[in-house]
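Here is a short report for someone meeting this structure for the first time. Please look over the sequence and the model before reading on.

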Amino acid sequence: MVDQSTISTGNDGLDMILKGGLTPNRLYLLEGAPGSGKTTLSLQFLREGVAQGERVLYITLSETREELLAVAASHGWGLEGFDVFEFNSADDVFGGGREQSIIHPWEMELGETVRLIQDEVERVRPNRVVFDSLSEMRLLAQDPLRYRRQVLALKQFFAGRDSTVLLIDDMTASHEARDAHLHSLCHGVITLERLTLEFGAARRRMQVQKLRGIDFTAGYHDFVIRKGGLDIFPRLIAAEHHVEFVEEPMASGIAALDDLLDGGPLRGTNVLISGPAGSGKTTIALQYMHAACDRGEAVSIFQFDERVGTLMSRAAAFNLDLARHVQSGCMVLQQIDPAEISPGEFATRVRREVELRGARVIVIDSLNGYMAAMPQEQQLLLQMHELLSYLSQRGVVTFLINPQQGLVGTMTTNLNISYIADAVILLRYFEAGGRVRKAISIIKNRGGMHEDSIREFRIDRGGLRIGAPLVDFKGILTGTPEFTGADAPLLEGRLSVG
């Protein structure tokens, strides 16, 4: 009976996409343009075989052993345990002892090339084979029909030999010259892509185009090449990550602020904090994070805009001691480099904070920074929606900072994100008594009741303070308020917090 269990590819991300790995003793195609990461992934595949005590063979028509060793060394690897068969340094493969030490692929007939491959496989009897690459074989064949027949012959040769084979194709031939039937010959097809953007680092993504007998995760998956191999970020599917949790309010530590949201945002919901620059959006989110750390809950903030050092200094000035929580490991602040991250990598970073650290509160500061960091990516809001759904399934409270354009008067935003928010906190500037003041209100709260009043708030060295409802004003939300009464309810002096 044929063993239908899976074997690891040596890459954790790819194994997750494949729901465990590859079916053994099958022929697979790994295709991609030069520089997309094919050799690195192939070496990971063979290294996993060595770790499992298997015989592995790397057959190369294009690269030398020294070049392979250089690629491996760049990741801190060696080729220990590998059998490497390179045609351009094979001795005595022709002529029964003729003195010929270098044989170039373009000097050999295709049939002789295939015979050499078969002889080497018979000698080594490998469990894992990488064949690099089909492009040289295509050049030797010079005829699509002959090339296809030889690939089919290779497939039939490996059948029953307890070998899992990875064929590499660098896709250098024109679209018309590439043989579409190659996909049908292989048990599975994995495609790597490298995309050059107008600014920033190149983006890489992969997809499993086909895989017989395995319910893999379809679609594109972002990845990067780092020292240690390919770091593949499986596409997030929120429905697969539900856990049970108690839908209880999360307190901020300030009673007046909690009263606005009927005790605080519920676990598993997201809160959009919107307002003009400098109105206190991040500080309100930090207040919730600080209170969560005081309760012993892990929290994480992803900072796209402000420098982390500046953020901590500003928080300290407002009586929020973030440094203490950072040092204890309760709070993690991640500075996101603009134009250096893909949506898939960002989602994976968030997942690692939730699943590995157990983060209960996530802050994304800001949505504009998130969009600006990935200007050429498609469907960013849809991917953010999926990420928020995932965080909801895990019982995490998420704060989204959404700066609005303008300071006073009519406010606008370039992101129509409020429809996916469970709660919306709106901040506004207004003027009274010759001073610039700030107002806070709750626009919606799907998690329960909320106050419909508009209150003044202030952030100073005493922390965050919430005042009485601004009943003597009208037009505050428009940014052009009109005073209609006395100024007694306005915050003055050093009132007690809350």
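## Terms and basis

Helices (H or I, at least four residues) and strands (E, at least two) are DSSP runs, numbered from the N terminus. This is a predicted model, in which local features need pLDDT of at least 70 and side-chain atom pairs count only at pLDDT 80 or more, while totals for chains, interfaces and linings use all residues. Residues are numbered from 1 along each chain as its sequence is written, and side-chain values use heavy atoms, with hydrogens and water left out.

Strand S2 covers residues 56–60. Of its 5 residues, 5 are buried, so S2 is largely enclosed by the rest of the structure. Here buried means under 20% relative accessible area, exposed means over 50%, and partly exposed is in between (1.4 Å probe, protein chains only). In a regular strand, side chains alternate between the two faces of the sheet. In S2, Val 56, Tyr 58 and Thr 60 point one way. Leu 57 and Ile 59 point the other way.

Two strands pair if DSSP finds at least two bridges between them. S2 pairs with strand S3 (residues 82–86) in the parallel sense, over 5 bridges. Val 56 stands opposite Phe 82 in S3. From S2 the chain passes through helix H3 (residues 65–74) to S3, a right-handed β-α-β crossover. Right-handed means that, with the strands pointing away from the viewer, the path from the first strand over the helix to the second runs clockwise. S2 also pairs with strand S4 (residues 128–132), again parallel and over 5 bridges. In S4, Arg 128 is the bridge partner of Val 56.

## Helix H4

Helix H4 (residues 110–124) has 15 residues. From first C-alpha to last it reaches 21 Å, close to the 21 Å expected at 1.5 Å a residue. That expected span is 1.5 Å times one less than the number of residues.

The buried residues of H4 include Leu 110, Val 114, Ile 117 and Val 121. The arc is that of the directions from the helix axis to the C-beta atoms. What covers them includes S2, S3, S4, helix H5 (134–141) and helix H6 (144–158). Contact here means heavy atoms within 4.5 Å. Arg 125 follows H4 and has a positive phi, near 50°.

## Helix H10

In helix H10 (residues 308–317), Val 308, Leu 311 and Ala 315 are buried. Seen down the axis, the buried residues fall within an arc of 60°, so they line one face of H10. Ser 313 and Ala 316, on the other side, are exposed. Among the elements covering the buried residues are helix H9 (281–294) and strand S11 (299–303).

Just after H10, Asn 319 takes a positive phi of about 70°. Asn 319 lies in the loop between H10 and H11. At 54% relative accessibility, Asn 319 counts as exposed.

## Loops and cysteines

Two cis peptide bonds deserve a look. One runs from Asp 132 to Ser 133, with omega near 5°. Ser 133 sits in the loop between S4 and H5. Another runs from Asp 365 to Ser 366, with omega near 10°. Ser 366 lies in the loop between strand S13 (361–365) and helix H13 (367–373).

The structure holds 0 disulfides, a disulfide being a pair of cysteine sulfur atoms within 2.5 Å. Cys 186 is buried, at 0% relative accessible area. Cys 330 is buried too, at 12%.
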